[in-house]
Amino acid sequence: MQVFAGHTGPVQTGAFTPDGKRIVTADADGTLIFWDPRSTAPVFKLTPTDARFDLGSITSLAVNPASTLAVVGGAEGGVRVVSLSKGEVVSALGGHKEGESVEAVVFVDLTGAGQAGTGGTVVTGGTDGKACIWDLGTMRLRATLEHQVCSLA
């Protein structure tokens, strides 16, 4: 069993990649770390010092079925798409209200084909009462569902 050290704030969220080979963790200080469980050293680390990645506190994350992308949501309404093979931000998604926390991120298979060759479809939900549906193949917002009384607050 490994003990992973590298976060400076409380770890708020984490996930194994769907292929079971790696682990992604994120903390309240806004740091994301990608781990190989066979080593105590991170594969890569993204921190708020990278202006493209700065989300404030990270509140949610999910990894696509192909284990190639992670999507993370922040306490200030930002969403970032991270390439797990390159260790860098590939897109910033801006559908949620600034200052409202993105509390849920989940990949969905709308085609029934597993979407293995694409980035996939991801849904983000925030305290702004919005659920945003994103096509990560094009990095475009496909639909927004809104509710006046948010159940995530």
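Which residue in strand 3 is the bridge partner of Ala26? The bridge partner is Leu32. This is a predicted model, in which local features need pLDDT of at least 70 and side-chain atom pairs count only at pLDDT 80 or more, while totals for chains, interfaces and linings use all residues. Residues are numbered from 1 along each chain as its sequence is written, and side-chain values use heavy atoms, with hydrogens and water left out.

Start with the strands. Strands (E, at least two residues) and helices (H or I, at least four) are DSSP runs, numbered from the N terminus. Strand 2 covers residues 23–27 and strand 3 covers residues 32–35. They pair in the antiparallel sense over four bridges. Two strands count as paired if DSSP finds at least two bridges between them.

Now the rings. The structure holds one aromatic pair. Phe34 and Phe44 form this pair, which is tilted, at 5.2 Å centre to centre and 40° between the planes. Rings of Phe, Tyr and Trp (its six-membered ring) pair if their centres lie within 6.5 Å; planes under 30 degrees apart are stacked, over 60 edge-to-face, and the rest tilted. Phe34 lies in strand 3 and Phe44 in strand 4, so the pair ties together parts that are 10 residues apart in sequence. Both Phe34 and Phe44 are buried. Buried means under 20% relative accessible area, exposed over 50%, and partly exposed in between (1.4 Å probe, protein chains only).

Next, the cores. A nonpolar core is a set of buried Ala, Val, Leu, Ile, Met, Phe, Trp, Tyr and Cys residues joined through side-chain atoms within 4.5 Å. The largest has 16 residues, of which Leu32 and Phe53 touch the most other members. Strand 5 (58–63) gives the largest share of this core, three residues. A second, separate core of 13 residues includes Leu69, Val81, Val122 and Cys132.

Finally, a loop. Thr111 sits between strand 9 (102–108) and strand 10 (121–126). Thr111 counts as exposed because its relative accessibility is 55%.
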